Amino acid sequence: MPLVLAMAMAGCAVTPQPLSLSDRRATLAADRQAMFGSQEALSGPVTLQEAMARALKYNLDYRVKLMEEAMAQRQLDLSSLDMLPKLALAAGYTSRSKDNASSSQNIATGEQSLVPSISTEKRDHTGDLNLSWNVLDFGVSYYSAQQQADRVLILQQRKRKVAQQLMQQVREAWWQAAGAQQLQGRIDALLKEAESALEDARQVERQKLRAPLDALNYRRQLLDVERQMSAVRNALSQAKPRLAAIMNVTPGQDFQIAVPADMPVPGLGMELDKMEEMALLNRPEVVEAHYNQRIGALETRKAIAKLLPGLEFSVGQHYDSNKFLVNNAWSDAGLRISWNLLNLFSAGPITRAADAQVAVDQAQRLALNMAVLTQVHVAYLDYRGRARQFELEHELNGVDQAIYEQTRNAVDSGATARLQGILADANAVFSSLRLFQTYGDLQNAYGQMGASLGLDPLPATTSGYDLASLSAAFRGSETKWQGTVAGGAAK
């Protein structure tokens, strides 16, 4: 017996089995297909609305939130099933090596009064079908289902928050990529011009056609321009890959941005008090706080319900193959009530704990409201500051471009040295870069203003879920969004 037990324990032992390199390699193709295989290919320059549509449809982080909501809905379905009566089906078989014989004994004399006898067979088959329903369990399950329903609504609000944050990231990355695309050609041309001038400067220095110090200073200025432009080009080259990651485009795939011809300044025509009201009504965090408060109240009701008496109804159908029974099949019904009287002592602490929880929830909600109002004011001030900064950069960029044109004309006519033209070009490029960055910051502040108000970037219903329908919905939502911010109407 000890040997058999030792062999059984050895057979139950589990040893770690690490994945081999071939196993991991086998999943690569399937993972890549799951990541990129089912999405529509890029067919032209990407607009801001198409970038938002691609992020909403293909972004993997957003897919996780959708799956979490679907899983919560399945759990709600399971919670609803807990309210149904319990229907249990049981069957059994027993076998004995000897008869289950017994005898009786006289209680007064202690002598055996009956000969040994049996009333059950050595082998017996049984079957039972029982239906039971506990009223107390039903009440507790009902409150649990309501809580799960509120958790589904909470996940919907969190999905709204993720969508708002995702669209904010798209807006910021798209404008950075647009600026990089606009400046890329000009930076490359400037670097080529600077490299050509630098080679000429090296020739002049080798041939000693200029004073050594003047030649070195000339070459240093050209190298400084080349260093700065190379750093800018390297920074701008990362803009499109960041946008591609948000859109879930295959890394390394080249695409173009549909850069608009102008840079309009979005306007805000709503008063701050209207913004505050809209934010408190629409922000996902505020709505989630209300649902959490409702879940806490239901938890208190569950605790109080558990203090009540338990009432259980049951009906059943039974069968036993024992031949000694007069009736092998029978039905029964029952009613049972139970109550743990000691639970009454818990009523006071539960009530006090519920009151304390209500106070905590109220304080948390007020603190959240204060944080939301602060975010609205900060976003508004940031937007105003970004708008003023863009206006200044726009005017400054016009001056720098005019200086560059004048300097370039003078260089072409031979009135100004080549270095002055390159330096003016570099200043103009930096000015254009600051202009695009400032406008991107303005757009980002405008999007943050909408997010602080709790405005959804996409309407609740769309004509379809393909990229064309989503892009059209985003364009319409952007128009409605601007009208809402300008007019002050809540969604």
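Here is a walk through the chain, from the whole down to single residues.

**The chain overall**

Keep in mind that this is a predicted model. The chain holds 12 helices and 6 strands. Of its 491 residues, 35% are buried. As for contacts between residues at least 6 apart in sequence, 81% of them join residues at least 24 apart.

Which strands make up the open sheet, and in what order? There are 4 of them, in the order 1-4-5-6, and the pairing is antiparallel. Strand 1 and strand 6 (329–338) sit at the edges with a single partner strand each, so one side of each has no neighbour in the sheet. On average, and ignoring direction, neighbouring strands here are turned by 20 degrees against each other.

Helix 5 (residues 135–207) packs on this sheet and touches strand 4 and strand 5. The direction of helix 5 makes about 60 degrees with that of strand 4.

Now for the pairings themselves. Strand 1 (residues 86–95) and strand 4 (residues 123–134) run antiparallel and are joined by 10 bridges.

**Helix 8 and its two faces**

Which residues of helix 8 are buried? They are Met-275, Met-278, Ala-279 and Asn-282. These residues lie on the same side of helix 8, because they cover an arc of only 100 degrees around the axis. The face turned away from the buried side of helix 8 carries Asp-273 and Leu-281, both exposed.

| Residue | Relative accessible area |
|---|---|
| Glu-393 | 8% |
| Met-229 | 1% |
| Asn-248 | 6% |

Glu-393 belongs to helix 10 (residues 347–413). Is Glu-393 buried or exposed? Glu-393 counts as buried, because its relative accessible area of 8% falls under the 20% cut-off. Leaving aside neighbours within four places in sequence, Glu-393 is in contact with Arg-434, Leu-435 and Thr-438.

Met-229 is part of helix 6 (residues 212–236) and is buried, with a relative accessible area of 1%. Beyond its neighbours within four places in sequence, what does Met-229 contact? The list is Ile-187, Leu-190, Leu-191, Ala-426, Val-429 and Phe-430. Met-229 and Asp-188 are 41 residues apart in sequence, and their C-alpha atoms are 8.6 Å apart in space.

Asn-248 sits in the loop between helix 7 (239–247) and helix 8 (272–282), and this loop residue is buried as well. Its backbone deserves a check: Asn-248 has a positive phi of about 65 degrees, although it is not a glycine. For background, most residues other than glycine have a negative phi.

Definitions and conventions. Residues are numbered from 1 along each chain as its sequence is written. This is a predicted model: local features need pLDDT of at least 70, side-chain atom pairs count only at pLDDT 80 or more; totals for chains, interfaces and linings use all residues. Side-chain values use heavy atoms; hydrogens and water are left out. Buried means under 20% relative accessible area, exposed over 50%, partly exposed in between (1.4 Å probe, protein chains only). Contact means heavy atoms within 4.5 Å. Two strands pair if DSSP finds at least two bridges between them. The arc is that of the directions from the helix axis to the C-beta atoms. Axes are lines fitted to C-alpha atoms, for helices over the stretch in contact, and angles run from 0 to 180 degrees between N-to-C directions.
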